[in-house]
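Subject: Structure for you to look through

Dear colleague,

I am passing on a structure that I have been reading through, and I would be glad if you could look at it beside these notes. Please keep the sequence open while you read.

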Amino acid sequence: MSNCIFCEIITRKSPAHVIWEDNDYIAFLSIYPNTPGVTVVIPKKHYGSYAFELSDDNLSGLIIASKRGSDQLPGHYP
């Protein structure tokens, strides 16, 4: 989608500090964190921003991707 910063990050047209990714999701550090380690996790396919409009499979995949991304941060809680 044009003019989407997240799509540009996925295609590497915009920089990001990626901490984890797989074929379907990507996790990167926020450029405006309110606490250290704030991470943005998004699907690699463009969707709207309202999470509850996602299918159950996509939403559960996003939650699992968030867990995997958090494992990459120092001081995470196993």
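This is a predicted model: local features need pLDDT of at least 70, side-chain atom pairs count only at pLDDT 80 or more; totals for chains, interfaces and linings use all residues.

Residues are numbered from 1 along each chain as its sequence is written, and side-chain values use heavy atoms, with hydrogens and water left out.

Pockets

A pocket here is an open set of points, on a 1 Å grid over the protein atoms alone, where a 1.4 Å probe fits and which has protein on both sides within 12 Å along at least five of seven lines; its lining residues have an atom within 4 Å of a point. Grid points are joined across faces, edges and corners, and the volume is the space filled by probe spheres set on the points.

The largest pocket has a volume of about 290 Å³, and among the 16 residues that line it, I42, P43, Y47, G48 and S49 are the closest to its centre. Helix α1 (5-10) and strand β3 (39-43) each supply at least two residues of that lining, where helices (H or I, at least four residues) and strands (E, at least two) are DSSP runs numbered from the N terminus. Sorted by class, the lining of the largest pocket has 12 nonpolar, 3 polar and 1 charged residues; in this sorting Ala, Val, Leu, Ile, Met, Phe, Trp, Tyr, Cys and Pro count as nonpolar, Asp, Glu, Lys and Arg as charged, and the others, Gly among them, as polar.

The second largest pocket holds about 160 Å³ of space, and the residues that line it include I5, F6, I9, F28, L29 and V40. Both α1 and β2 (25-29) supply at least two residues of this lining, and the largest share, 3 residues, comes from α1. The lining of the second largest pocket divides into 9 nonpolar and 3 polar residues, with no charged residues.

Nonpolar cores

In soluble globular proteins, nonpolar side chains tend to be buried together. A nonpolar core means a set of buried Ala, Val, Leu, Ile, Met, Phe, Trp, Tyr and Cys residues joined through side-chain atoms within 4.5 Å, and buried means under 20% relative accessible area, with exposed over 50% and partly exposed in between (1.4 Å probe, protein chains only).

Which residues make up the largest nonpolar core? This core has 8 residues in all, namely I19, W20, Y25, A27, V41, L54, L62 and A65, and β1 (18-21), β2 and α2 (56-70) each supply at least two residues of it. Another core, of 5 residues, lies apart from the largest one, and among its members are I9, I10, I26 and I42. If neighbours within four places in sequence are left aside, W20 is in contact (heavy atoms within 4.5 Å) with Y25, I26, A27, A65, R68, G69 and Q72.

Salt bridges

How many salt bridges does a search of the whole structure find? The search finds 2, a salt bridge being a side-chain nitrogen of Lys or Arg within 4 Å of a carboxyl oxygen of Asp or Glu. In one of them the side chains of E21 and R12 meet, at 2.5 Å from N to O, and in another K44 pairs with E21, with the closest N and O atoms 2.6 Å apart. Because K44 lies in the loop between β3 and α2 while E21 is in strand β1, this pair ties together parts that are 23 residues apart in sequence.

Single residues

R12, in the loop between α1 and β1, has a positive phi of about 65° although it is not a glycine. Most residues other than glycine have a negative phi. S70, in helix α2, and I19 are 51 residues apart in sequence, yet their C-alpha atoms are 8.8 Å apart in space.

With best wishes
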